[in-house]
2 protein chains.
Amino acid sequence: MALIVQKYGGTSVGSPERIKAVARRVAKWRRAGHDVVLAVSAMSGETNRLLGLAKEIQAQPDPRELDVIAATGEQVTIGLASMALMALGVKARSYTGAQVRVVTDSAFTKARILSIDEQRLRADLAAGIVPVVAGFQGIDEAGNITTLGRGGSDTTGVALAAALGADECQIFTDVDGVYTTDPRIEPDARRLRTVTFEEMLEMASLGSKVLQIRSVEFAGKYRVRLRVLSSLTDPDIPIEVEAQSGTLITFEEDDNMEQAIISGIAFSRDEAKLTVMGVPDRPGIAYAILGPVGDANIDVDMIIQNASVEGLTDFSFTVPRNDYARALGILESVKQHIGARAIVGDNKICKVSMVGVGMRSHVGIASSMFRCLAEEGINIQMISTSEIKISVVVDEKYMELAVRVLHKAFDLDQTPA
Amino acid sequence: MALIVQKYGGTSVGSPERIKAVARRVAKWRRAGHDVVLAVSAMSGETNRLLGLAKEIQAQPDPRELDVIAATGEQVTIGLASMALMALGVKARSYTGAQVRVVTDSAFTKARILSIDEQRLRADLAAGIVPVVAGFQGIDEAGNITTLGRGGSDTTGVALAAALGADECQIFTDVDGVYTTDPRIEPDARRLRTVTFEEMLEMASLGSKVLQIRSVEFAGKYRVRLRVLSSLTDPDIPIEVEAQSGTLITFEEDDNMEQAIISGIAFSRDEAKLTVMGVPDRPGIAYAILGPVGDANIDVDMIIQNASVEGLTDFSFTVPRNDYARALGILESVKQHIGARAIVGDNKICKVSMVGVGMRSHVGIASSMFRCLAEEGINIQMISTSEIKISVVVDEKYMELAVRVLHKAFDLDQTPA
């Protein structure tokens with residue numbers, strides 16, 4: 001008999017009917033003899049409603065008080081979910097972050113979990129009770145209510161699994177797993193039965209929205225076995241089917257991995273490119289350009305500096321698209337200071353990335369990728385690589401085409417042997 | 001400079017605009033150099049919304065979980081009110097019941113306050129911070145969230161004032177004080193500048209809805225100076241005007257009381273009368289009749305047993321009108337057991353009561369009251385008296401007439417000398 005942490009997101013608990021479905025699913029696992037700890041989000045729409053109220057009062061809401069307000073969303077869900085379990089004859093008891101003692105730092109609205117006191121949860125489990133824990137929230141050492149920031153309920157689920165040494169953390173969501181790419185763009189996209197933490201981290205950072213990146217880091221750090229699966233299936237599907245469903249995020253050294261070289265293709269249209277042309281190639285120039293951009297709280301992603309010609313070089317980088325205008329303004333204002341010839345930019349670009357741990361042991365992946373794109377007449381504007389990822393920047397009009405061509409070329413629609 | 005606890009009810013914090021008005025009022029008191037502690041209710045409608053959600057899950061919601069859910073209503077308000085104060089440059093900090101440590105017993109949905117730890121609140125006050133405390137809620141010794149039941153925010157305000165030794169507890173509401181009777185029935189009804197705790201208790205128990213009865217008891221027990229006043233006035237009215245507004249509920253021995261004999265006339269249409277006719281006048285008969293009624297959780301109010309004639313007596317009592325049918329059914333089923341001749345009832349009655357500490361030192365009040373009603377042809381069906389109250393039951397069609405006649409006869413429209 002296993003100890004399972006099940007986390008349900010906002011859509012999965014978005015109405016009393018959905019909460020009742022969650023309870024049926026949990027009851028099924030309990031009947032099979034498993035110990036279950038539940039972590040839940042606020043009902044979908046609730047966090048935005050609360051944030052809207054706060055903004056009617058203060059345009060820039062005080063972070064401490066915003067967390068006091070936001071934390072009520074999950075508090076309502078834990079009460080409702082506990083009631084729904086009791087209505088099915090399952091013993092249950094709700095816990096706020098403060099009641100568990102999910103201790104965090106004091107960075108309101110984006111706190112990090114420092115420790116979890118699992119004593120009460122263990123006592124409940126021993127008594128046959130399902131503890132229902134509010135995701136997304138904690139308490140700091142001084143007793144202030146904190147929240148982990150958007151998506152933080154995933155992190156709560158993983159942290160509970162780590163603290164309890166759970167056999168698996170199941171993240172129930174409105175998709176049924178991690179796909180080789182977005183099925184809305186490539187209908188032949190295939191659900192991955194397993195994916196490694198490294199791959200998942202790359203995909204999350206590249207814009208794949210299935211799991212919040214911090215929760216994946218947390219799971220990797222504490223070696224929590226993590227599964228993403230659907231809350232939209234019939235809650236009464238056989239447990240042996242559900243236990244194998246979705247996508248397992250795991251450690252390649254632990255598991256019989258699929259033998260694919262490439263696991264998935266991620267993409268993002270949320271990109272813009274800036275190039276500082278004709279800057280003197282001297283020490284400190286990168287900082288002179290990127291320092292003011294960072295000071296303005298603009299995230300810089302890919303950075304490329306070409307080899308210099310006659311002491312001058314071109315320096316390019318990408319930023320989130322809605323920071324494009326601001327970044328352009330900053331560069332114009334530092335242009336003279338750094339002695340650049342011109343600033344040019346493009347916000348009609350996209351990033352397409354291939355991710356796979358198999359790249360480590362296979363050469364020639366990058367050149368295959370570039371050849372595929374060239375055969376379709378897609379010009380590559382920037383390239384960036386890591387050990388398990390190759391990203392290219394191309395004109396955004398080619399995004400779907402690039403994804404489909406690569407998906408086909410690397411046989412992602414085929415189940416690996 | 002005084003220490004004031006201000007409590008605002010659901011209507012007074014019913015929208016972001018109303019919460020901003022509360023903040024302006026508090027800011028005014030702060031500017032005048034007073035220390036203020038705020039206690040707030042859930043935004044009007046919110047508690048019912050949450051209760052509705054719970055009932056969609058469980059027809060009879062689990063009390064512990066219901067309190068977890070209900071407590072979020074006030075938690076939202078404390079955050080918003082703190083933000084509204086900060087937006088005006090007033091330092092503020094919110095506290096849930098658990099954060100203050102408002103310790104209660106474990107009677108979920110109707111808990112009683114056992115103690116309040118005022119240390120953090122005092123530290124805030126010393127630092128010029130307005131603590132904003134969630135009304136209606138607390139925490140039991142085991143760390144469970146509890147609520148005090150409907151109207152419990154008044155009790156929180158009074159309990160905070162008692163714990164802090166505040167100079168006054170101001171209960172802001174949507175009426176501007178306690179009246180000699182309901183102005184909707186008697187347009188000449190007059191606001192009382194002061195009223196004693198005993199009178200207030202009688203009026204509250206007789207159906208006057210200005211203050212929750214438990215909060216009045218609490219204030220009386222801990223000798224908290226209590227003022228009921230309006231949150232609908234301009235928040236910027238001069239502080240010396242506001243400080244004298246509303247109705248002060250006080251101890252007659254402490255204050256220069258108005259010299260009226262009668263302070264007010266309360267009434268209730270929520271009444272029904274039952275009479276058990278021709279029962280043997282023997283020990284235990286009252287219990288034989290009322291025991292089963294009490295077992296059915298029906299509140300019995302007035303009880304009258306006439307002198308017996310030939311060993312038989314008539315036994316009458318009143319119950320809330322919507323328990324009438326149930327009470328009648330119970331009596332029919334015990335009729336044979338107690339050997340009664342007949343059961344008769346009437347649910348078209350009302351209760352009219354005169355309340356006043358002056359009755360203690362004035363004789364003949366009751367006979368004046370009865371003569372007034374007789375002159376209007378109003379038949380008195382039952383009479384019940386206490387030291388400071390006379391209640392009569394009459395046909396409900398005479399209710400408004402009885403209230404107006406008595407209001408006039410006892411000069412309640414005149415300001416006492």
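Two strands are said to pair if DSSP finds at least two bridges between them, and with that in mind the reader can start inside chain A of this predicted model. Strand E1 (residues 3-8) of chain A and strand E9 (residues 168-173) of chain A meet this condition, for they pair in the parallel sense over 5 bridges, and within that pairing A:Lys7 stands opposite A:Ile171 in E9(A).

These two strands belong to an open sheet of 8 strands in chain A, ordered E3-E6-E2-E1-E9-E11-E12-E10, in which the pairing is mixed. Strand E3 (92-95) and strand E10 (194-196) of chain A stand at the edges with a single partner strand each, so one side of each has no neighbour in the sheet. On average, and with direction ignored, neighbouring strands of this sheet are turned by 20° against each other.

A:Ser12 is found in the loop between E1 and helix H1 (16-31) of chain A. Is A:Ser12 buried or exposed? It counts as buried, because 24 C-beta neighbours lie inside 10 Å of A:Ser12, and the cut-off for a buried residue is 20 or more. Leaving aside residues up to four places away in sequence, A:Ser12 touches A:Arg18, A:Val22, A:Phe172, A:Thr173, A:Asp174 and A:Ser231.

Most residues other than glycine have a negative phi.

Where they meet, 15 residues of domain 1 of chain A are in contact with 16 residues of domain 2 of chain A. Helix H7 (residues 197-205) of chain A supplies 4 residues to the domain 1 side, which is the largest share, and the residues of that side divide into 5 nonpolar, 5 polar and 5 charged.

Further along chain A there is another open sheet, made of 6 strands in the order E14-E15-E13-E16-E18-E17, with antiparallel pairing. Its edges are strand E14 (303-305) and strand E17 (382-386) of chain A, each of which has a single partner strand, so that one side of each is left without a neighbour in the sheet. Neighbouring strands here are turned by 25° against each other on average, direction ignored. Helix H10 (residues 285-295) of chain A packs on this sheet, where it touches strand E13 (264-280), E14 and strand E15 (312-319) of chain A, and the direction of the helix makes about 120° with that of E13(A). Elsewhere in the sheet, strand E16 (residues 342-355) and strand E18 (residues 389-395) of chain A pair in the antiparallel sense over 7 bridges, with A:Met354 opposite A:Ile390 in E18(A).

In chain B, strand E1 (residues 3-8) has 5 of its 6 residues buried, so this strand is largely enclosed by the rest of the structure. E1(B) pairs in the parallel sense with strand E2 (residues 35-40) of chain B over 6 bridges, and B:Ile4 has B:Val36 as its bridge partner in E2(B).

How many residues of chain B are in contact with chain A? There are 30, and they meet 30 residues of chain A. Helix H1 (16-31), helix H2 (46-57), helix H3 (63-87) and helix H4 (97-100) of chain B are the elements that each give two or more residues to the chain B side, and H3(B) makes the largest share with 15 residues. By class, this side has 18 nonpolar, 8 polar and 4 charged residues.

The largest nonpolar core holds 247 residues, of which A:Ala81 and B:Ala81 touch the most other members. Not counting residues up to four places away in sequence, B:Ala81 touches B:Val13, B:Ile19, B:Val22, B:Ala23, B:Leu38, B:Val40 and B:Val132.

Technical notes
Residues numbered from 1 in each chain as written. Chains lettered and ligands numbered in written order. Predicted model: local features only at pLDDT ≥ 70, side-chain atom pairs only at ≥ 80, totals over all residues. Contact = placed C-beta atoms within 7 Å. Nonpolar A, V, L, I, M, F, W, Y, C, P; charged D, E, K, R; others polar. Axes fitted to C-alpha atoms, helices over the stretch in contact; angles between N-to-C directions. Core = buried A, V, L, I, M, F, W, Y, C linked by C-beta atoms within 7 Å. Buried ≥ 20, exposed ≤ 12 C-beta atoms within 10 Å, placed from the backbone.
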